Amino acid sequence: MSERTDLQGRHILLGLTGGIACYKSAELVRLLTKAGATVQVVMTEAAAAFITPVTMQALSGRAVVMSQWDAREPNNMAHINFSREADAIVIAPASADFIAKLAQGRADELLSLTCLARPRETCPLLVAPAMNREMWGHPATQRNVSLLEQDGTTILGPGVGDQACGEVGDGRMLEPEQLLEDIVAALAPKVLQWKRILITAGPTFEPIDPVRGITNHSSGKMGYALARAAREAGAIVQLVSGPVHLPTPRGVHRTNVMTAQEMYDVVLPLAAQSDVFIATAAVADWRPATLSEHKIKKEGKKVAPTFELTENPDILAAVAQQANAADGVPYCVGFAAESEHLLTHSRAKLQRKQIPLIIGNLGPATFGRDDNALLVVDAQSHHALPNDGIAVDKLTLARALMLELAKRLAGQPRSLQS
Ligand code: C5P
């Protein structure tokens with residue numbers, strides 16, 4: 001579970017409506033509060049048939065309110081008070097009936113009343129549907145959902161899979177961790193809204209025979225953190241990943257590859273449609289010149305086998321060449337993993353690859369780790385990230401890099417429109 005405090009100082013109004021997925025909302029409250037948020041729970045009568053207000057009160061540390069006539073609010077206007085203090089309203093689970101109510105702007109109980117009364121500019125409404133697949137697929141529900149979207153509501157999910165009724169299909173509420181990731185993203189500043197960002201991540205694997213290969217210690221964590229941060233910043237993100245054991249960040253489109261050549265083949269056409277290319281992958285410089293069809297056997301061999309290597313394409317250099325011929329688009333960012341003389345080597349790489357920005361880091365200090373310290377290097381200047389050079393977690397660094405990128409794109413001669 002995440003130990004991050006991404007929602008520090010944020011106030012979330014969590015609305016529960018009738019559905020078996022209410023049990024997941026208990027965990028969601030825990031995750032939200034662990035992430036630093038204060039949570040005010042409002043429940044409909046139907047929600048209370050699935051989980052008790054006592055449970056939700058104990059987890060949120062605040063009295064759960066269920067009625068617009070609740071006299072505990074001194075001015076008797078819970079719908080105004082709650083919607084004014086909230087940074088976001090999250091309805092999880094949102095039943096088909098409640099979605100229909102929201103679509104119509106009805107307000108005959110506290111939760112729908114609060115949604116209608118919220119200041120739309122400052123308090124986004126996020127709705128996590130949870131229902132049987134037939135109910136979700138019904139044209140009436142789909143119509144209502146698209147009305148909500150037209151009104152600016154964000155629909156979270158739903159997921160696909162086993163349903164409480166025993167059927168399988170669309171309509172499951174997202175898991176609490178997924179909801180948390182989407183809520184954090186919804187509240188993040190949209191500094192790269194609609195920018196198309198292409199990111200490579202992880203190692204490559206260059207096969208020697210069907211069971212062996214050449215690879216490296218890259219975990220993919222930095223690239224995946226960048227993909228998540230870019231999505232939070234409002235970008236449309238394509239992640240091209242070597243073999244890693246990491247979940248795809250929410251809202252990110254991922255293509256898996258094995259070898260450098262495969263990565264090259266996927267990246268080059270995508271780069272031509274991207275505003276930014278960030279090359280975090282640790283791409284193998286060399287691959288075996290021939291691939292043995294069968295496992296190279298030890299038996300009967302007195303001397304160790306040898307094999308020739310051949311050079312892999314340099315993906316970043318190739319994209320940069322295309323970019324430089326096309327007015328600097330995509331804006332190319334490289335990573336330099338060094339073991340010494342970080343600035344000198346990074347700047348040399350910047351020139352060799354003809355790119356505007358390179359991020360230097362010390363390889364042994366970053367591979368596989370959750371934290372890192374970076375050096376941001378361009379042709380004229382360099383600075384440490386974070387300022388004090390003390391390692392912080394990769395998601396924090398990735399978010400800082402998105403701000404850095406947004407600043408640089410704003411200063412670009414050609415406007416990078418998506
Ligand atoms: O070439 P070198 O390893 O020194 O540079 C590292 C940078 O170049 C990284 O951004 C890495 O993703 C990228 N790279 C690449 N294709 C290669 C080798 C490195 O895109 N074949």
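**View 1. Residue classes lining the second largest pocket.** The lining of the second largest pocket divides into 10 nonpolar, 3 polar and 11 charged residues. Nonpolar means Ala, Val, Leu, Ile, Met, Phe, Trp, Tyr, Cys and Pro; charged means Asp, Glu, Lys and Arg; the others, Gly among them, are polar. This is a predicted model: local features need pLDDT of at least 70, side-chain atom pairs count only at pLDDT 80 or more, and totals for chains, interfaces and linings use all residues. Residues are numbered from 1 along each chain as its sequence is written, and side-chain values use heavy atoms, with hydrogens and water left out. H8 (176-187) gives the most to this lining, with 5 residues. Helices are DSSP runs of H or I, at least four residues; strands are runs of E, at least two; both are numbered from the N terminus.

View 2. Around the ligand are 13 residues; Ala279, Ala281, Phe335, Lys349 and Lys353 come nearest. Near means a heavy atom within 4 Å. The shell holds 7 nonpolar, 1 polar and 5 charged residues. H12 supplies the largest share, 3 residues.

View 3. Ligand oxygen atoms lie 2.6 Å from a backbone N or O atom of Ala279 and 2.8 Å from one of Phe335. A polar backbone atom of Pro313 is 2.9 Å from a ligand nitrogen atom.

Technical notes: Polar contact = N/O pair within 3.5 Å; in protein donor to acceptor, adjacent residues only side chain to side chain.
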